[in-house]
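Take a moment with the sequence and the 3D view. We will go from the overall plan to single residues.

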Amino acid sequence: MRRNSASPARSIFEQRLADGGLASIARALNDNGAPCPFGADPARNPHRSGRQWMLTTVAATLANPR
């Protein structure tokens with residue numbers, strides 16, 4: 001499993017600026033072993049597995065004004 005040195009959020013925005021689609025961004029994050037935010041706080045997200053990035057997670061990250 002490869003790890004990308006950039007943070008997952010930074011990687012998402014960089015890939016999107018390079019015309020990456022949501023599915024290809026999610027696939028790249030999963031392939032690179034980037035930690036999914038739901039896995040970081042399982043107590044707040046008991047209904048999610050936290051094992052992989054989903055299209056909705058990538059979309060929510062891109063829509064987050066922070």
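Start with a residue and its partners. Setting aside neighbours up to four places away in sequence, T57 is in contact with P37 and F38. Keep in mind that this is a predicted model.

Where does T57 lie? It sits in helix α4, which covers residues 55-63. Is T57 buried or exposed? Its relative accessibility is 5%. The limit for a buried residue is under 20%, so T57 counts as buried.

P37 belongs to helix α3. Leaving out residues up to four places away, P37 touches W53 and T57. P37 has a relative accessible area of 36% and is therefore partly exposed. Follow the chain onward to T61, which is 24 residues from P37 in sequence. In space, the C-alpha atoms of P37 and T61 are 9.9 Å apart.

Step back to the whole protein. How many helices and strands does the protein have? There are four helices and zero strands. Along the sequence, the pattern reads α-α-α-α. The protein has 66 residues, and 26% of them are buried. Its accessible surface comes to about 4800 Å². Carbon and sulfur atoms account for 52% of that surface.

Contacts tell us how the chain comes together. Consider the contacts between residues at least 6 apart in sequence. Of these, 57% join residues at least 24 apart.

Next, turn to a pair of helices. Two packed helices are described by the angle between their axes and the distance between the axes. Here, α1 packs with helix α2 (residues 22-31) at an angle of about 145 degrees. The axes of α1 and α2 are 10 Å apart. Their crossing is right-handed. Which residues meet there? From α1 come P8, S11, I12, Q15 and R16. From α2 come L22, S24, I25, A28 and L29. By class, this contact of α1 with α2 has six nonpolar, three polar and one charged residues.

Between these two helices runs a loop, and D19 is found in that loop. The phi angle of D19 is near 70 degrees. That is a positive value in a residue other than glycine. D19 has a relative accessible area of 72%, so D19 is exposed.

Go back into α1, which spans residues 8-17. How many salt bridges does the count come to? The count comes to one. R10 forms a salt bridge with E14. The closest N and O atoms of R10 and E14 are 3.0 Å apart. Both residues lie in α1. They are four residues apart, about one turn of the helix. R10 is exposed because its relative accessible area is 53%, and the limit for exposed is over 50%. E14 has a value of 41%, so E14 is partly exposed.

One more stop remains. R51 lies in the loop between α3 (37-40) and α4. With 71% relative accessibility, R51 counts as exposed. Compare its place in the chain with its place in space. R51 is 21 residues from N30 in sequence. From C-alpha to C-alpha, R51 and N30 are 8.7 Å apart.

Notes:
Residues are numbered from 1 along each chain as its sequence is written. This is a predicted model: local features need pLDDT of at least 70, side-chain atom pairs count only at pLDDT 80 or more; totals for chains, interfaces and linings use all residues. Side-chain values use heavy atoms; hydrogens and water are left out. Buried means under 20% relative accessible area, exposed over 50%, partly exposed in between (1.4 Å probe, protein chains only). Contact means heavy atoms within 4.5 Å. A salt bridge is a side-chain nitrogen of Lys or Arg within 4 Å of a carboxyl oxygen of Asp or Glu. Axes are lines fitted to C-alpha atoms, for helices over the stretch in contact, and angles run from 0 to 180 degrees between N-to-C directions. A crossing is left-handed if the near helix is turned anticlockwise from the far one by less than a right angle, and right-handed if clockwise. Ala, Val, Leu, Ile, Met, Phe, Trp, Tyr, Cys and Pro count as nonpolar, Asp, Glu, Lys and Arg as charged, and the others, Gly among them, as polar. Accessible areas come from the Shrake-Rupley method with a 1.4 Å probe; for residues, only the protein chains shown count as cover.
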